[in-house]
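Student: Please take a close look at one part of this structure for me. I would like to follow its salt bridges.

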Amino acid sequence: MLHSLAEGIDGKLVVSVFYAAGGEGTISHHRIGDVDGMVAAIDAHSGTEGANVYAGLQIMRTSLARGERGGKDDVVAVLGLVADLDGDTGKTGALPFAPSYIIETSPGNQQPVWLFDRPLTPDEAKPLAAALQRATGSDSGTKDIAHVWRVPGTKNWPNSAKLKRGRSPEPASVHCAQEWHGDLISVDAFRSALAPWAVAPESEVKPVELGELPDVDGVTVSEKLATLLAANDVDDRSKHASAVAERLAFEKYDAEPAAALFLSATGNWLDRYSTEASARKDFGRLWGKPFCTKHTEMREAGARLVAGLATPKPANDNVRGGGISLLSFEEYKAQQFGTAEAMIKGLVRTGTLIAVGGRPGAGKTALMIAIADALDKGEPFLGRETKETTVAYIAAEDGGDVANRLEAIGNTSVKIVKSPDGFPLTKPQRAAEIAREVVRQAKALDPSRHVMLVVDTLRAALGGQSVLDDKYTSPALNALREVAEAEGVVIAVLNHTNRENNKATKGETLEAVTALELVLLDGEGDWHTVYVGKNRSGPGQRNIGKVRYTSVQIGDVTAAIIEEMVAEEGAVDAPKEKERRPSDNAKILHGIISTAILDSRDHIHPFGNDGPRVKAAQISDIRARFYSRKEGLEDTKKKAFTRALNYWIEKEWIVRGSFGVEGAVWLSGREMSPPQGD
């Protein structure tokens with residue numbers, strides 16, 4: 001497989017053997033096409049006690065010295081990438097793209113492999129490997145294009161560090177948990193899937209640039225540091241190097257003297273570096289990590305504190321101006337937020353927080369997906385012009401459902417946010433940090449486009465806290481508004497409401513902080529009305545259109561999306577209470593319920609044993625009949641069952657109570673004519 005993928009490349013593949021007890025075994029080089037020789041080298045050690053066999057997906061330069069494994073600078077081409085998912089150390093996460101195959105190296109530890117449809121240069125592969133490591137939260141080996149990987153069919157012998165973590169001393173069999181079927185991964189598709197992780201977070205470590213290193217011969221060091229520098233046969237040489245760097249930082253060495261002492265180590269842990277240049281480079285990386293920088297920062301903070309105690313600061317009333325200035329609107333826009341632009345003409349402008357509301361099941365997510373699709377493509381929304389926008393979707397409620405809906409409409413550009421911390425609006429400052437990082441990555445994808453961040457839903461992001469509890473809601477929404485204004489983006493918040501008409505309900509519309517309020521209201525039949533309440537970018541208190549939904553089968557589930565959207569603008573002078581007509585689904589369900597109750601042999605006493613006995617039909621039976629009736633129709637609308645059932649309960653034609661698995665319904669006794677078309 002590897003040899004066929006590497007055909008035509010001037011280089012060689014390497015097989016490496018390392019012993020669990022420590023030390024290297026045989027390292028063999030194989031020219032491209034030497035399949036038998038490479039297999040023989042692997043087989044020669046696959047049964048050797050304590051021998052761990054590895055091979056990489058990288059092609060090394062032909063001039064690599066005999067017996068050398070090689071490093072990043074020796075790589076000439078990369079055939080694929082691997083994620084090192086270590087379940088026993090917690091370094092594991094979701095996969096951003098389906099792999100070619102998956103190797104299980106030991107119980108709970110896996111290495112998904114992506115084989116590319118063309119070889120990559122090292123410069124192409126490095127950013128992809130780094131993005132893959134960020135996306136999966138996997139071990140640091142994932143981003144190393146010179147890393148070597150275990151070979152299926154060999155044994156995984158645990159070293160002393162793994163034994164200390166509780167690993168069984170018995171070797172695990174390395175095998176394929178998911179077989180390869182000959183498919184190769186499109187490099188372009190893989191790069192697109194990793195786009196959200198293409199840019200390193202601002203918090204990610206930046207290596208320290210080192211100057212000229214001093215001579216440290218004769219320098220006296222502490223006993224602890226001397227022991228670390230002279231250590232031999234350590235369990236994990238990478239972790240030991242980190243420990244040496246941190247000790248140097250703790251003992252208050254500056255970067256260059258610390259690096260010189262690091263390179264002067266006499267212990268064989270330093271042999272992990274093939275050259276002095278690679279050791280120096282890795283020290284710069286370690287010196288920039290938090291476990292080293294925190295010691296410098298603590299010293300600097302202490303120095304500032306001492307300086308502050310020694311030098312009194314002038315009182316605020318002695319500071320002329322205090323940073324306050326008076327600006328014209330031109331100056332204010334130029335200095336503060338720039339000129340706001342319409343993202344959706346007459347509705348949405350940049351630098352604002354907007355709300356999309358509706359009752360549960362009204363179709364808020366479907367509407368938001370339609371808005372996101374229109375903005376992504378720069379296409380009109382309900383007859384209004386839009387600007388091309390990068391949309392990042394925080395699915396706090398159900399990410400899988402959002403992914404299914406995007407798949408149903410065929411949109412691969414709208415991004416779903418993956419965050420280890422979720423989006424904790426009960427911790428507004430942390431949520432704001434996450435929002436800023438999402439905005440930064442979204443802008444990096446295409447700086448010429450606007451950015452919209454979607455939060456679906458407010459209640460889910462609040463961890464289930466009531467949106468009416470101002471103690472939680474106000475700080476959260478104000479934090480989001482500040483991010484929107486400072487970054488010049490739009491943040492759309494989806495919110496459950498109990499509104500049945502356009503009459504404002506206090507505490508549910510987020511009117512205090514939002515610039516726009518879109519609400520989905522029940523319309524005629526299967527239609528829902530899109531109503532604009534508050535609107536700082538155009539006229540409000542009006543209907544702007546209507547939408548109708550359908551469901552698309554995605555695997556074993558259905559995804560609700562907008563089937564038809566019609567622009568219908570009209571001011572609403574006052575709330576109009578009108579009789580809701582039954583939808584087509586409600587009409588179908590009326591007949592099903594009537595027949596089910598007639599056929600039922602279940603009788604219950606809803607008001608106690610002394611009360612009347614009524615004939616009831618189980619909801620599970622009614623649901624099955626409804627699904628059967630809808631089978632094969634172009635618009636299955638299986639999710640419409642609950643809405644149709646609630647319609648008849650609200651009309652007081654039936655009563656719902658506890659019975660069976662899902663409950664049961666019985667006739668209320670209220671006279672009601674069957675709906676037309678039933």
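Tutor: A salt bridge is a side-chain nitrogen of Lys or Arg within 4 Å of a carboxyl oxygen of Asp or Glu. This is a predicted model, where local features need pLDDT of at least 70, side-chain atom pairs count only at pLDDT 80 or more, and totals for chains, interfaces and linings use all residues. Residues are numbered from 1 along each chain as its sequence is written, and side-chain values use heavy atoms, with hydrogens and water left out.

Start with Arg285 and Asp282. Their side chains form a salt bridge, at 2.7 Å from N to O. Both residues sit in helix α9 (residues 276-287), three residues apart, about one turn of the helix. Helices are DSSP runs of H or I, at least four residues, and strands are runs of E, at least two, numbered from the N terminus. An α-helix has 3.6 residues a turn, so residues three or four places apart point the same way.

Now the cover. Buried means under 20% relative accessible area, exposed over 50%, and partly exposed in between, with a 1.4 Å probe and protein chains only. Asp282 has 12% relative accessibility, so it counts as buried. Arg285 is partly exposed, at 30%.

Compare a pair on strands. Glu568 and Lys546 form a salt bridge, at 3.6 Å from N to O. This pair links distant parts of the chain: Glu568 is in strand β23 (residues 557-571) and Lys546 in strand β22 (residues 542-554), 22 residues apart. Glu568 is partly exposed, at 41% relative accessibility. Lys546 is partly exposed too, at 23%.

Salt bridges that share partners join Arg272, Asp282 and Arg285 into one network.
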